[in-house]
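This report looks at a ligand site and at the pockets of a protein model. The structure comes first, then the details.

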Amino acid sequence: MMTAPAQAEEASFEATLARHDRIEPRDWMPERYRATLVRQIAQHAHSEIIGMQPEGAWITRAPSLRRKAILLAKVQDEAGHGLYLYSACETLGVSRQELTEKLIEGKQKYSSIFNYPTLSYADVGTIGWLVDGAAICNQVPLCRTSYGPYGRAMIRVCKEESFHQRQGFELLATMMRGTDAQRAMVQESVDRFWWPALMMFGPPDADSSHTAQSMAWGIKRDTNDELRQKFVDMTVPQARALGVTLPDPDLVWNDEKGGHDFTQPDWAEFRDVVSGSGPCNAQRVAHRRRAHEDGAWVREAASAFARRQQQEPQQQEAVS
Ligand code: ACO
């Protein structure tokens, strides 16, 4: 049986959620709420960090100085997003070190989308347009998530993601005004990324293990299917403006529902990718592990410097 103080804490947590106020790190929270946040925020942080790889691979092969400057800025932004999110997770009592170890040991997930290869420069545009477009759809509602540090991190992340989406659209629009070969490159890229982009929102609601509880706690504000629908409806007119064809012959406007009907992605492929058998899973994790190991000397030097700075004032006091 719950003690009276424990009951009061739970009532205060529920009342905060009912008022749509934020839960802050010092507030009492149920252990399952905390664990759900750690799982989701860690996966989100890992996605930002692993997501640097598919596009980062094109930095040395950008077609112009302007495209290189844009891509560099974008990939650096993703590193920043990872850091805000790891910091948000640290407020829940888990260190970035622990989370990184779980990622490179394959014990925590990251978004399925980053296990697909980038085969042409058009993919940089398609990732900006479709993948960051999907990310915005999913993350704008997370600015109102019930956990304060996560919601505040999301505000800045979403502003930067909007820039990412626009640069992707602008790159594709430029290529579509170019040669037949460039237009074909864009279409081929959109054909490959459309289905994985739909998968980013997670499994259909009926198969989603966490949605109901996460919605009840205000961690998620919309279900996976609601966000997927929103993304499709937002993307169709943009595809028309670009002059590309979305690779779904059954994609049609449905007046009655006020949205598009569309074909579901291959959910068996999604399960394979999430469980580690996607085209690039092994390569992505191996690369992250190598980068972590290569950075060991930097972490050691930074810790040694921090220790010396802590000791110095004491030594100075001892001398004076
Ligand atoms: N890729 C990998 N795993 C996924 C994906 C995906 N696209 N979608 C769902 N899953 C996993 C879930 O993590 C969960 O597995 P777990 O229990 O082992 O953690 C399982 O599939 C069932 O899914 P749900 O019950 O629907 O999970 P959840 O309620 O967490 O919803 C979602 C998934 C929508 C991705 C949610 O976690 C979310 O909104 N996260 C924040 C956004 C995010 O992480 N974006 C990253 C990519 S965007 C970018 O970086 C550009």
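How do the residues of the lining of the largest pocket divide into nonpolar, polar and charged? They divide into 16 nonpolar, 16 polar and 12 charged. Here Ala, Val, Leu, Ile, Met, Phe, Trp, Tyr, Cys and Pro count as nonpolar, Asp, Glu, Lys and Arg as charged, and the others, Gly among them, as polar.

## Basis

This is a predicted model: local features need pLDDT of at least 70, side-chain atom pairs count only at pLDDT 80 or more, and totals for chains, interfaces and linings use all residues. Residues are numbered from 1 along each chain as its sequence is written, and side-chain values use heavy atoms, with hydrogens and water left out.

## The largest pocket

The volume of the largest pocket is about 1000 Å³. Its lining has 44 residues, and Gln-43, Ser-111, Met-200, Phe-201 and Gly-202 are the closest to its centre. A pocket is defined on a 1 Å grid over the protein atoms alone, as an open set of points where a 1.4 Å probe fits, with protein on both sides within 12 Å along at least five of seven lines; lining residues have an atom within 4 Å of a point. Points are joined across faces, edges and corners, and a volume is the space filled by probe spheres set on them.

Two or more lining residues come from each of α2, α4 (65-90), α6, α7 (148-176), α9 (211-216), α10 (224-242) and α11. α6 gives the most, with seven residues. Helices are DSSP runs (H or I, at least four residues), numbered from the N terminus.

## The ligand

The ligand sits in the largest pocket, meaning that more than half of its atoms lie within 2 Å of the pocket's grid points. Around the ligand are 30 residues, of which Lys-109, Ser-208, His-210, Lys-220 and Asn-224 come nearest. The shell divides into 11 nonpolar, 14 polar and five charged residues. The largest share, six residues, is from α2.

Polar contacts are pairs of N or O atoms within 3.5 Å. A side-chain N or O atom of Lys-109 is 2.3 Å from a ligand oxygen. Gln-43 places a polar side-chain atom 2.8 Å from an oxygen atom of the ligand. A polar backbone atom of Ser-112 is 2.8 Å from a ligand nitrogen.

## The second largest pocket

The second largest pocket holds about 440 Å³ of space. Among its 15 lining residues, Ile-49, Arg-96, Thr-100, Arg-288 and His-292 are the closest to its centre. α12 gives the most to this lining, with four residues.

Note on methods: Near = heavy atom within 4 Å. Polar contact = N/O pair within 3.5 Å; in protein donor to acceptor, adjacent residues only side chain to side chain.
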